[in-house]
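Try each task before reading its solution.

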Amino acid sequence: MGDDVAKQSERPRPGDPTDPRPAHVPVMLDRVLEVLAPALSEPGAVVVDGTLGLGGHSEALLCAHPGLRLVGVDRDTTALERSAQRLAPFADRIDLVHAIYSDIPSALDGLGIDRVHGVLLDLGVSSPQLDEADRGFAYSYDAPLDMRMDRTQPRTAAEVVNTYSAGELSRILKVYGEERFASRVAAAIVRERTKARLDSTRALAELVRDAIPAATRRTGGNPAKRTFQALRIEVNAELTILERTLPAAIGRLALGGRIAVLSYHSLEDRLTKRALAALSTDTTPQDLPVPLPDRQPELRLLTRGSEQPSEHENERNPRAASARFRAAERIREP
């Protein structure tokens, strides 16, 4: 997976025979394998890929650990179909589940699995979602304003831009897109939709560009990227779901189990940092002379801050550029 902060305007249209990009390059794959390996080496180990996507990370994990069982979860039915084909050689060791990653506990219960030895969350929007124009995630192709990761859900980006009040739009643009000119963009959307319904990615991208001061448009890439990020997060309730997912996933880790998280913008990384830090801290009251056993850390951080891809990986896979990696190991039962 990768985030839509990549320079979409510079990408060839999907299906263009001149497109030089590789089919799919999992982000920070070597580091993910390295961090999860100690927890997955024993036969019978179970790993959850909570954001299966095209299955690149999962395929590598299954190859690296012949005794590993993998539970792949994704809300995107298209991703599940494609990853099922990719992972067909491992069919006897995988279970694929159509679910939101906050439902990992329910998915595991349905499979009769109590504890797992690894969890991988590769957040953001997946490559096929960006590359398939009709999904409406990208501002570089004209397409319906959709942006649903799970196309069985009813709410689309078109519904958001055409029904939310100016105040609601301004809030999500400011909070989820970190857009400095959120109020201007929201006002422009409301003004435009009184003339005609906004249903196209191109129309929205042009509207956003015109709403942002010319001096600001000269730097920082396509000015629509922050608006598109905000709408995508709102449509898919990404941050709300991530807040539920992290404690739920950590709660199913066995002793010695490890969780690895790849984030693609500061909001995701901040939530991940807080969740891991909260469980890696001794919470014994400061006025007590000895640490309390039940207040000792449950997790040990495996990364110092958030790690970033190497320059070489960024050159090879531009979608990795915004990635931030954090990981932790369970060292005490809750």
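**Exercise 1. Find how the axes of H7 and H11 are arranged, and which residues meet.**

Step 1: the axes of H7 and H11 come within 8 Å and cross at roughly 100 degrees. Axes here are lines fitted to C-alpha atoms, for helices over the stretch in contact, and angles run from 0 to 180 degrees between N-to-C directions. Helices (H or I, at least four residues) and strands (E, at least two) are DSSP runs, numbered from the N terminus.

Step 2: classify the angle. H7 and H11 are therefore roughly perpendicular to each other; under 35 degrees counts as roughly parallel, over 145 as roughly antiparallel, 65 to 115 as roughly perpendicular and the rest as oblique.

Step 3: list the contact (heavy atoms within 4.5 Å). From H7 come Arg171, Ile172, Leu173, Tyr176 and Gly177, which meet Arg226, Thr227, Gln229, Ala230, Leu231, Ile233 and Glu234 of H11. By class, the residues in this contact of H7 with H11 are six nonpolar, three polar and three charged. Ala, Val, Leu, Ile, Met, Phe, Trp, Tyr, Cys and Pro count as nonpolar, Asp, Glu, Lys and Arg as charged, and the others, Gly among them, as polar.

A word on the source: this is a predicted model, where local features need pLDDT of at least 70 and side-chain atom pairs count only at pLDDT 80 or more, while totals for chains, interfaces and linings use all residues. Residues are numbered from 1 along each chain as its sequence is written, and side-chain values use heavy atoms, with hydrogens and water left out.

**Exercise 2. Work out how H11 packs with H12.**

Step 1: H11 (residues 225–236) and H12 (residues 238–250) pack at about 55 degrees, with axes 6 Å apart. That makes H11 oblique to H12.

Step 2: Arg232, Ile233 and Asn236 of H11 make the contact with Glu238, Leu239 and Ile241 of H12. This contact of H11 with H12 has three nonpolar, one polar and two charged residues.

**Exercise 3. Check the span of H13 and find what its buried residues pack against.**

Step 1: at 1.5 Å a residue, the 13 residues of H13 (residues 266–278) should span 18 Å, and its end C-alpha atoms are 18 Å apart, which agrees. The expected span is 1.5 Å times one less than the number of residues.

Step 2: Leu267, Glu268, Asp269, Leu271, Thr272, Ala275 and Leu276 of H13 are buried. Buried means under 20% relative accessible area, exposed over 50%, partly exposed in between (1.4 Å probe, protein chains only).

Step 3: the partners of these buried H13 residues include H7, H11, H12 and strand E5 (253–263).

**Exercise 4. Is Met147 buried or exposed, and what about Glu178?**

Step 1: Met147 has a positive phi of about 70 degrees, and Glu178 one of about 50 degrees. Most residues other than glycine have a negative phi.

Step 2: Met147, in the loop between H5 and H6, is buried at a relative accessible area of 0%. Glu178, in the loop between H7 and H8, is partly exposed at 40%.
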